[in-house]
Amino acid sequence: MRIRHLLTIVCMVLLSQVSIAQVVKIDSTLASLSDKAIDKLSSKADKLALKLQKKSLKQLDKFERIEKKALRKIALKDSILGNSLLQESKEKYAAVKSRLRSGRLETLGLDNYLPKLDSLETGLACITKSFDISSNEKLACISNGIKSISSLKQSYKDAGSVSAFLRQQRNQLKQYSTKFGLNRQLKKLNKDYYYYGQMLADYKQVLNDPLKQQELVLKVIRKVPMFSEFFSKHSELASLFPNNGNIGTAAGLVGLQTTAMVQQGIQGQLQGVSTAQINALQQQITQAQQELKQLKQKLSQLSSGNSEMEVPDFRPNSMRRKPFAKRLEYNANIQSTRNTPFWPTTSDIGLGLGFKLNDRSVIGLGASYKLGWGKDIRNIKITHEGLGLRSYIDWRLKGSFYLSGGYEQNYRQRIENISLLKQTDYWQQSGLLGLSKKIAVKKKMKTDFKLLFDFLYRQHVPETQPILFRVGYSF
């Protein structure tokens with residue numbers, strides 16, 4: 001009896017230690033779940049959701065304007081058909097916009113599935129339902145996070161539904177293209193639809209590649225013991241592929257083909273075939289698999305973020321999808337000139353800000369400062385020899401070679417008094433044209449070599465050198 005009592009006491013002590021350890025683990029998990037990280041996650045999700053909804057509404061407005069022009073063109077030749085299509089189109093767009101604003105355009109499917117957001121939303125829900133959170137502030141913070149992530153997921157799904165609607169409207173208009181001459185409008189619709197699909201693909205990449213705060217939250221969530229089981233039952237993925245409870249068991253394999261069954265079937269089909277023929281067939285299968293893999297890679301590059309692949313009938317401009325700040329290019333360069341009877345040796349130090357029009361061209365503005373070094377190495381004297389205002393354009397010819405041009409105004413007098421800069425007589429014009437070569441140094445940095453000819457050099461008093469060579473960096 002004493003031994004039984006002793007064993008009972010030992011078991012109770014062990015169980016209490018396990019429960020204490022679990023409580024400590026839960027408390028440490030909740031403590032490591034930073035409110036600041038969740039708040040930043042919620043704020044980022046809300047901004048992205050609002051931005052995505054605005055872009056979808058803007059795309060609907062633009063598509064509707066182009067479609068209305070096409071339908072009015074139909075109405076000029078067939079008033080009954082054109083007016084009917086106009087009224088139908090107006091009602092459709094109004095209904096889609098109304099449902100988009102109210103968040104009732106959800107399309108459930110793998111194309112719109114976002115695994116990272118699904119894990120975040122399900123994980124935060126798991127914490128609220130599995131842990132007894134005593135802090136109301138912590139509970140409110142997590143609840144806001146769930147709400148924001150859910151809203152972002154909904155906005156992305158709505159955008160996918162908008163894409164499907166636009167595709168439907170465009171395909172409907174194609175029926176009348178040949179008869180009523182709508183090629184111009186259809187070309188605009190194709191271009192807008194393609195860029196909208198690319199924008200969705202960009203968003204999907206961003207949403208599946210979380211920021212630091214999202215990774216911190218996910219790291220904590222994955223430490224929760226019951227997360228895996230909770231995810232398999234309550235996540236969005238679970239609703240796409242319901243779990244019948246037999247996954248991972250022998251019952252879950254009932255009805256599926258086994259390796260032995262497949263091999264038996266192949267052997268039955270290949271009876272009487274020689275070994276050499278079988279080897280040749282295997283080589284053909286291997287070659288076909290490699291070609292299929294290459295084809296899949298090409299198809300993935302053409303994916304537009306929706307269920308139907310779009311092959312553009314024009315040269316896409318990747319810059320169009322990027323925000324304004326991402327299209328800016330900063331550059332710095334230096335140009336040295338040897339001394340003359342009128343000027344000392346000088347170096348023009350220039351800074352510029354360019355805007356990428358497309359994948360091939362950049363336009364920009366800049367300024368330069370002319371630094372004087374003196375007559376020679378034995379007579380070094382730092383002086384302020386002038387200023388310059390620049391405009392430029394770079395157009396890629398082939399590979400890393402560019403056609404470069406620009407217009408400049410240069411103040412070519414020693415700056416002894418700032419007020420002298422107002423005198424236009426001292427400013428001289430330069431018209432430049434030449435070639436440049438850009439060599440990538442790092443991922444976002446290039447070395448830029450420019451060889452330029454100044455068409456207006458003879459107008460300068462005194463006359464300046466016609467050939468300019470500049471070396472710089474752009475990033």
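Two strands count as paired if DSSP finds at least two bridges between them, and strands (E, at least two residues) and helices (H or I, at least four) are DSSP runs numbered from the N terminus. The model is predicted, so to speak of local features needs pLDDT of at least 70 and side-chain atom pairs count only at pLDDT 80 or more, while totals for chains, interfaces and linings use all residues. Residues are numbered from 1 along each chain as its sequence is written, and side-chain values use heavy atoms, leaving out hydrogens and water.

Begin at strand β1 (residues 328-337). Four bridges join β1 to β8 (residues 467-474), and the two run antiparallel; here Ile 334 has Val 471 as its bridge partner. β1 also runs antiparallel to β2 (residues 345-356), with 10 bridges between them, and Tyr 330 is partnered by Leu 353.

A cavity is a set of points on a 1 Å grid over the protein atoms alone where a 1.4 Å probe fits but cannot get out, and its lining residues have an atom within 4 Å of a point. Grid points are joined across faces, edges and corners, and volume is the space filled by probe spheres set on them. The whole structure has two cavities of 30 Å³ or more. The largest holds about 270 Å³; 28 residues line it, and among those closest to its centre are Asn 331 and Arg 470. β1, β2 and β8 are among the elements giving two or more residues to this lining.

The second largest cavity holds about 80 Å³. Helices α2 (35-77), α3 (79-102) and α5 (136-174) each supply at least two of its lining residues, which include Glu 67, Leu 85 and Gln 169.

Terms used: 1 Å grid on protein atoms, 1.4 Å probe; cavity = no way out; pocket = protein on both sides within 12 Å on 5 of 7 lines; lining within 4 Å.
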